Amino acid sequence: MNDIKTQVRQYILNNFLMGGDPERITDSVSFIEKGIIDSTGVLELISFLQETFGIRIEDAEMVPENLDSLEKIEKYVDSKLT
Amino acid sequence: MLTIQGTRVAATKLTSGVLDIEPQTVTDRICQRLVDIVGRDQHRRGVVVALSGGIDSSVCAALSVRALGPSRVFGLLMPEKDSSAASEDLGKLLAEHLKIEYIKQNIAPTLEAIGCYQWRDDAIRIVFPEYQKDWKSKLVIAGGIDGRFNYFKLVVQTPDGKRQEKRLDHKQYLQIVAATNYKQRVRKTIEYFHADRLHYAVVGTPNRLEYDQGFFVKNGDGSADVKPIAHLYKTQVYALARFLGLPSVICNSKPTTDTYSLPQGQDEFYFALPYEKMDLSLWAHNHGLPAEELAYCLGISREQAEFIYRDIETKRRTTAFLHAKPVLVENVPELGL
């Protein structure tokens, strides 16, 4: 479970924030509200999740409830893998 | 009954009437400002207007003629491979209606040379390997007004009319958009050539919807010296067109992007709602009306109205970069920067 969050946090830090303090991205922080990811960033994040975890994110699943924080992504990806 | 800022109001307050304008007053105000901005502030002798044949550029050109006179307005028709012949006809009709000088410059050879079509087609073939040069294509937006994140679908059509569509991943989406943005940027380069040659200013033609929601290309159609109708909702621009006596075929035209080879409405590509509904949504959001009232007016659910409000805010955030000037690392106070 932590592995998903760790990988996504690292990706977001490297790709969107050009490095920095991992503590800046807490488990529950909203990527959109905090301006960490914009709409193009969401598309990049979706590509990353699909490639990294070998899942297919359907159109109907591209909602903030699945993708707008580390803990939401963890829960969503975990559900796709089980 | 609804409560808005502490006041109980009828749920029928929001109607299309909120966008009514007094066209004579609005026209006089814009014309006076155009004279002041172009002549007094910018020290230019006239304006260049790119004529797409659409309502916005037509109204801008007509306002410019009213403000400065036809001899100080220079029109440009700049068709390319994917723009429709009808657009060029409308642009020409308008230029002749306004009695302004204009020229036509086909930008297809420039776009070909710079790689616009090649880069676009390369990206399309990653999604549809069988794509051929004689196929048509367009991008369609989805998601935002249904509560999902916005994403884009690529639609392709064979010469015999068979259509396919697929969701784009970010790499292909960005490459297709970047390639097609060449069109707006090449046009703007030509506009500024003529502006420099004539010592004129360049008119930008966004309406309020486009300006607010970032529906323009940075350093492309977003670049200009003056934007006369950026404060007017699209509905109001149509009202001005009728007041200014523009040809009815222009007054009744439907907004299109005229950028992709398949016919594409602006609502398909960017706004996801017809402009009349987008205008009311933006007005309601700007005036702090609750989603319930927008829902009542548009005949949609409260949840859908909330999605529209959220989409408006998302697009504002996402496109703030397009409005922004280059950022200096340190101030240069001598220039007031």
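Is Phe48(A) buried, exposed or partly exposed, and how many other C-beta atoms lie within 10 Å? I took this one up before anything else. The model is predicted. Phe48(A) has 16 other C-beta atoms within 10 Å. A buried residue needs 20 or more, an exposed one has 12 or fewer, and those in between count as partly exposed. Phe48(A) is therefore partly exposed.

I then placed that residue. Phe48(A) sits in helix H2 of chain A, residues 39-53.

**Entry: helix H1 of chain B**

I checked the length of H1(B), residues 23-41. It has 19 residues, so at 1.5 Å a residue it should span 27 Å. The end C-alpha atoms are 25 Å apart, which agrees.

Which residues of H1(B) are buried? I found Ile30(B), Leu34(B) and Val38(B). They cover an arc of only 45° around the axis, so they lie on the same side of H1(B). The general rule I keep in mind is that an α-helix has 3.6 residues a turn, so residues three or four places apart point the same way.

I noted what that side meets. The buried residues of H1(B) pack against strand E3 (47-50), helix H2 (55-68) and E9, in chain B.

Then I turned to the other side of H1(B). Exposed there are Gln24(B), Thr25(B), Arg29(B), Gln32(B), Val35(B), Asp36(B), Arg40(B) and Asp41(B). After the helix comes His43(B), with a positive phi near 55°.

**Entry: the parallel sheet of chain B**

In what order do the four strands of the open sheet run? I read E5-E4-E3-E9 in chain B, with parallel pairing. The edge strands are E5 (101-104) and E9 (201-202), and each pairs on one side only.

I looked at one pair in detail. Strand E4(B), residues 73-77, and E5(B) pair in the parallel sense over four bridges. Leu76(B) stands opposite Ile103(B) in E5(B).

**Entry: antiparallel strands of chain B**

How many bridges join E6(B) to E7(B)? I get seven. E6(B) covers residues 136-142, E7(B) covers residues 151-157, and the two run antiparallel. Lys136(B) stands opposite Gln157(B) in E7(B).

E7(B) also pairs with E8(B), residues 163-167, in the antiparallel sense over five bridges. Here Val155(B) stands opposite Glu165(B) in E8(B).

**Entry: helix H12 of chain B**

I went on to H12(B), residues 291-298. Its buried residues include Ala291(B), Glu293(B), Leu294(B), Ala295(B) and Cys297(B). I marked Glu293(B) as a charged residue in that buried set. Gly299(B) follows the helix, with a positive phi near 70°.

**Entry: contact of chains A and B**

How many residues does each chain give to the contact? I have 14 from chain B and 11 from chain A. On the side of chain B that touches chain A, the elements giving two or more residues are helix H6 (170-198) and helix H13 (302-323) of chain B. H13(B) gives the largest share of that side, three residues.

How values were computed. Residues numbered from 1 in each chain as written. Chains lettered and ligands numbered in written order. Predicted model: local features only at pLDDT ≥ 70, side-chain atom pairs only at ≥ 80, totals over all residues. Contact = placed C-beta atoms within 7 Å. Pairing = 2+ DSSP bridges. Expected span 1.5 Å × (residues − 1). Arc of directions from axis to C-beta.
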